[in-house]
Amino acid sequence: MKFKAKNTSLSLIGCVLLGTMWACSDDFLIDANETDLTTDVVFSADRTAVAAVTGVYDGFQNDSEGDPGVPNEYNVKGVFGWANYMSLDWQTPTERDDNNFFNFEVNADGEVATKIWPNHYRQIGRANAAIEGLRGGLDAGNLTGETGQRLLGETLVLRSISYQYLAAAYGDVPLMLNLSDDPLKARDPQDMVFEQIVTDMEEAIPYLPWSYDSERGRVSKGTAYAVLGNALMWLGRYPEAVTAFEEIEAGGVTSLEPNFLDVHALANANGVESLFELQWAADGDLSWGRNDEVSILQLFTMPADIRNGDGAFAGIPTQELWASFEAGDLRRQATVIGPDEEHPDPLIDINMYDGIDINTAGTAADPWTGNPPAGMAENPQRTGYWGIKGWRDPAILGWGSAVMFGGQNHIWIRYGEVLLSLSEAALKAGDMGTAQAAFDRVRNRGWGGTAPALTVSMDNILQEYRHELAGEFSLWAVIRRSGEAAAYLSNNYGVSMPAGFDVIPIPNSVMTINPNLEPNPSN
């Protein structure tokens, strides 16, 4: 299922009703007939209500500034960068000695800090408009009870997903739940945000199905249980989190992919392990008039040597990450490859790219680090190691090719993460049997059978998060949620994180607009 804002009404409603708080633009107004298009009209029938909620999904596909005709960037340069750069397992496009993340000097005007805040609040604005309209339509009897309640459940989950990322990234954030809320309100405590998520998920879960016949990109009951369990863990309510996580597989439609490499396979969109996945189209193109239905993640992570670019925005995994995998852990090659290593996807041979005559990501004698192809600038910050999870589409050949942006979906929540969270929650609740069993399932899948025995512990769970989720969209969130972020960075990189620097700075542009926001220590 591809969710688009085209031919929906919510874009109009959000811009008209939410005003400048949500930074809407009349470029979003796509409907030809906008006369008398009000909340009451849109939510007076199932068909238009479905279209409106589809517009809420589209909020996750916006580009960095919310304008149509531009590819999604906030998810790649913002959420992806935050999840991985903060762990120090991926480098920004600068040498490590001058890396803001390694030095705990994250730029409040930089890509990561400035893309996550406005885009998630824009999505929340759309969700709030839809929630108000859906409740009104249900109360008035204008919406079919089952359909209207399902749409309400979907929208509550979508809003909560945005809030869990905002709170994980920034800590305390303004909790905006109604269209009438003061757009310049102060920050609310992080715990209050997660308490609201718990409340919303308890309402949403009864409304949602476990699966859909065709529209598999929509959130399900399993999605809601995953969001609920995560919020309960942030609140330290570990026995309840265990219960929430255990409900997911009991629903009968979600389980681990047998083969870890298949999790992010191009042909495995919305697979059995996926619980929330951003949907992209497969019609990316080179023109700057391209649409916002495509992603730049593959170009973002491909080696500069084969994409014919200078690596100006490359997300580069470190040698430390590559070396941290145990021998026999098949997740390493499905996550990051280095010199003398081939791409593990049978769809991709590295020597198929123009100007490349080897089928490896460089060689030990000549690693792809600082010796660029002819015409390319020197890039001494390159490590010689390259991410695999976002590099799975053989059609994307790099700068100057006919197709440079693509439709590989982005998985934000999946069952492998849920099982590790279940293990952590059970460990902290004192249920060692459940903790060990969930931990072993993830490790055994990583080995393609039976992994070496390892007793579950918090240190070991953190390493499993690292090896399971590197190069995805939630690694730093679970590390920070564990309360062990400083120890994690010290153990893996020998650095000391200053107190309060586990959250990123609030963008300066936001602080300027809203004088009631207190800065983070990292501001």
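**Entry 1: His343**

I began with His343, which counts as buried at 6% relative accessibility. Buried here means under 20% relative accessible area, exposed over 50%, and partly exposed in between, with a 1.4 Å probe and protein chains only. I note that this is a predicted model, in which local features need pLDDT of at least 70, side-chain atom pairs count only at pLDDT 80 or more, and totals for chains, interfaces and linings use all residues. Residues are numbered from 1 along each chain as its sequence is written, and side-chain values use heavy atoms, with hydrogens and water left out.

I placed His343 in the loop between β4 (336-337) and β5 (386-387). Helices (H or I, at least four residues) and strands (E, at least two) are DSSP runs, numbered from the N terminus.

What does the side chain of His343 reach? I found the backbone nitrogen of Asp345 at 3.1 Å. I also found the backbone oxygen of Trp391, at 2.8 Å.

**Entry 2: Glu468**

Next I looked up Glu468, in helix α15 (residues 458-469). Glu468 counts as buried, at 0% relative accessibility. Its side chain makes a polar contact of 2.8 Å with the side chain of Arg445. A polar contact is a pair of N or O atoms within 3.5 Å; within protein, one must be able to donate a hydrogen and the other to accept it, and residues adjacent in sequence count only if both atoms are side-chain atoms.

**Entry 3: aromatic pairs**

I searched the whole structure for aromatic pairs and got 18. Rings of Phe, Tyr and Trp (its six-membered ring) pair if their centres lie within 6.5 Å; planes under 30 degrees apart count as stacked, over 60 as edge-to-face and the rest as tilted.

I took Trp82 and Tyr165, an edge-to-face pair with 6.0 Å centre to centre and 65 degrees between the planes. This pair links distant parts of the chain. Trp82 sits in helix α4 (residues 74-85) and Tyr165 in helix α6 (residues 145-170), 83 residues apart. Trp82 and Tyr165 are both buried.

Why does the pair of Trp117 and Tyr121 count as tilted? The ring centres of Trp117 and Tyr121 are 5.2 Å apart and the planes are at 50 degrees, so the pair is tilted. Both residues lie in helix α5 (residues 111-139), 4 residues apart, about one turn of the helix. Trp117 is buried, with a relative accessible area of 7%. Tyr121 is buried too. I also checked Trp117 against Ala167, 50 residues apart along the chain, and their C-alpha atoms are separated by 10.0 Å.

I then noted one aromatic cluster, formed by Phe60, Phe80, Trp82, Trp90, Tyr165, Phe276, Phe300, Trp412 and Phe473.

**Entry 4: strands β2 and β6**

I followed Phe276 into its strand pairing. Strand β2 (residues 274-278) and β6 run antiparallel, joined by 4 bridges. Two strands pair if DSSP finds at least two bridges between them. The bridge partner of Phe276 in β6 is Ile413. Glu277 stands opposite Ile411 in β6.

How many residues of β2 are buried? I count 5 of the 5, so β2 is largely enclosed by the rest of the structure. Strand β6 (residues 410-414) also has 5 of its 5 residues buried, so β6 is largely enclosed by the rest of the structure.

**Entry 5: cavities**

I searched the whole structure for cavities of 30 Å³ or more and found 8. On a 1 Å grid over the protein atoms alone, a cavity is a set of points where a 1.4 Å probe fits but cannot get out; lining residues have an atom within 4 Å of a point. A volume is the space filled by probe spheres set on the points, which are joined across faces, edges and corners.

The largest cavity holds about 180 Å³ of space. It is lined by 17 residues, and the closest to its centre are Gln164, Asn230, Glu417, Ser474 and Arg481. The elements that give two or more residues to this lining are α6, α8 (221-234), β6, α13 (415-428) and α16 (475-481). Helix α8 gives the most, with 4 residues. I sorted the lining of the largest cavity by class: 11 nonpolar, 4 polar and 2 charged residues. Ala, Val, Leu, Ile, Met, Phe, Trp, Tyr, Cys and Pro count as nonpolar, Asp, Glu, Lys and Arg as charged, and the others, Gly among them, as polar.

The second largest cavity has a volume of about 90 Å³. Of its 13 lining residues, the closest to the centre are Met86, Phe101, Phe104, Val106 and Phe501. I sorted this lining into 11 nonpolar, 1 polar and 1 charged.

Note on methods:
On a 1 Å grid over the protein atoms alone, a cavity is a set of points where a 1.4 Å probe fits but cannot get out, and a pocket is an open set with protein on both sides within 12 Å along at least five of seven lines; lining residues have an atom within 4 Å of a point.
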